[in-house]
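Please open the model in your viewer and keep the selection panel at hand. The tour begins at the ligand and then moves on to charged side chains.

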Amino acid sequence: MDEQNGQNLFATIKQHICTCSGNLMLSPNVEEVLKIPKRELHVSLPVRMDDGHIETFLGFRVQYNYALGPMKGGIRFHPDETIDTIRGLAALMTWKCALYNLPLGGAKGGVICNPKKMSMAELERLSRAYIVAIYEVIGPDRDIPAPDVYTNQQVMAWMMDEYAKIAGRASFGSITGKPLPLGGSEGRQEATALGGWYAVHAAAEKVEISVSGARVAVQGFGNVGYNAAKIGAETFGAKIVAVSDSKGGIFSEEGLDIPAVAAYKEKTGSVVGFPGAVPLSNTELLEQDVDILIPAALENAITIKNASSIRAKLVAEFANGPTSLEADPILFNRGVHVIPDFLCNAGGVIVSYYEMVQNSNLDHWDVEEVNNRLKKRVSETYRAVFDLAKNNRVDLRQAAYTIAATRVIAAMQLRGWI
Ligand code: NAD
């Protein structure tokens, strides 16, 4: 989907790996191993639509690296999905799990479809067909899918059920991001956004801004964006002055009433037109005069075209890949503090990992336990990345790459792969 916006996510990630490889003085052969996915599966999914005709959807599962453990990564349903976006996201999952010291590798999946134009019954048939097609390569000790863009708890419930039916046993640990009655974890729905705010909170101490009262713009109003806006206002005392979705954005100098905006979007399908707010384009939202900018939609929101116009002091990448390769140094040289995606948005996979631990122990933790563990892990990891970035005079993205790649390489060496 990123080709549409002019830059291929996987090409960007490979370039980041090249820079990291230079910093770590890796041999070209090792660099090559880090740049190629272990396995990718392309599947065709014939699905009977409600009017009786058969439509064939294309899907992917990319398993990037399993040196550190079974692979983990979400599933996207999107009309503009591409294999290169999925490869890039699978690579990011590898670095994310390694950076946070999770015993997991990285993977990602996707299906080219438009869920907004499908009925619930059609979505269920597609979700089940996808699991049937990738069944052989997934499982609790192989590769564990989770939700991502335009997939949700209900989709995960159908997928887990299909996996369990084929396996012939209850297999709650085969999928994470499930609803609570099916072994889901407390706090999973909000985990990506809450983890992002813990990272922002740790960063704010370093860049000397106050989170309480900070003016914030959030791009995207889905699972991550909505929760980012809600948690920012309710838990951290931030003032959310602008939000947007794929149809456009809205602005209010006094701060938006996020539950009211959510109720309005539920009714009308978009935040656009929210009474009392000023309409805003997605481009204008990114360039607002705010303290904190939270891109929480798709890739390539900040590019060479707008990087010089970003006025936020802190950019927190709640989305994956929102900053293009060329935009990164522009922001760095202008002193904008960027918390990179795989440091900032790991809350989802961290709590998915907690979900796996609870499932395998037939246990259920309360939300305080989940969130306390999440806060500690994110705050400590942010500080380690910040200190390394400062010592090495690099941006946080490269410091995070250094930590993550060092762990993946050590595991590959011990296993005798390199
Ligand atoms: P979602 O499907 O719930 O929401 C996506 C939102 O983005 C929607 O509000 C949509 O309208 C909006 N959007 C789409 N195109 C847009 C555009 N051009 N401009 C502005 N808004 C646009 O997806 P999500 O789960 O919230 O994921 C958002 C981002 O966070 C993605 O990059 C995803 O990979 C990343 N992420 C998600 C999770 C998770 O647990 N769900 C975890 C880590 C990272």
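A polar contact is a pair of N or O atoms within 3.5 Å; within protein, one atom must be able to donate a hydrogen and the other to accept it, and residues adjacent in sequence count only if both atoms are side-chain atoms. The model is a predicted one, in which local features need pLDDT of at least 70 and side-chain atom pairs count only at pLDDT 80 or more, while totals for chains, interfaces and linings use all residues. Residues are numbered from 1 along each chain as its sequence is written, and side-chain values use heavy atoms, with hydrogens and water left out.

**The ligand**

Select asparagine 223, where a backbone N or O atom lies 2.8 Å from an oxygen atom of the ligand. Taken alone, the ligand exposes 830 Å², of which the protein buries 88% (accessible areas by the Shrake-Rupley method with a 1.4 Å probe; for residues, only the protein chains shown count as cover). Next select serine 246, which has a backbone N or O atom 3.0 Å from an oxygen atom of the ligand.

Now show the whole shell: 24 residues surround the ligand, and the closest are Arg76, Tyr150, Asn223, Val224 and Asn320 (a residue is near a molecule or strand if one of its heavy atoms lies within 4 Å of it). Colour domain 1 (37–172) and domain 2 (191–344), and you will find that the ligand lies between them, because both give residues to the shell; the domain bounds come from an automatic or database domain assignment.

**Arginine 76**

Select arginine 76, whose side chain has an N or O atom 2.8 Å from an oxygen atom of the ligand. This arginine 76 is buried, with a relative accessible area of 2% (buried means under 20%, exposed over 50%, partly exposed in between, with a 1.4 Å probe and protein chains only).

**Other charged pairs**

Move to glutamate 234 and lysine 230, which form a salt bridge with their closest N and O atoms 3.5 Å apart. Glutamate 234 is exposed at 51% relative accessible area, whereas lysine 230 is partly exposed at 26%.

Finally, select Glu124, Arg128, Asp161, Glu162 and Lys165, which are linked in a network of salt bridges.

Notes
A salt bridge is a side-chain nitrogen of Lys or Arg within 4 Å of a carboxyl oxygen of Asp or Glu.
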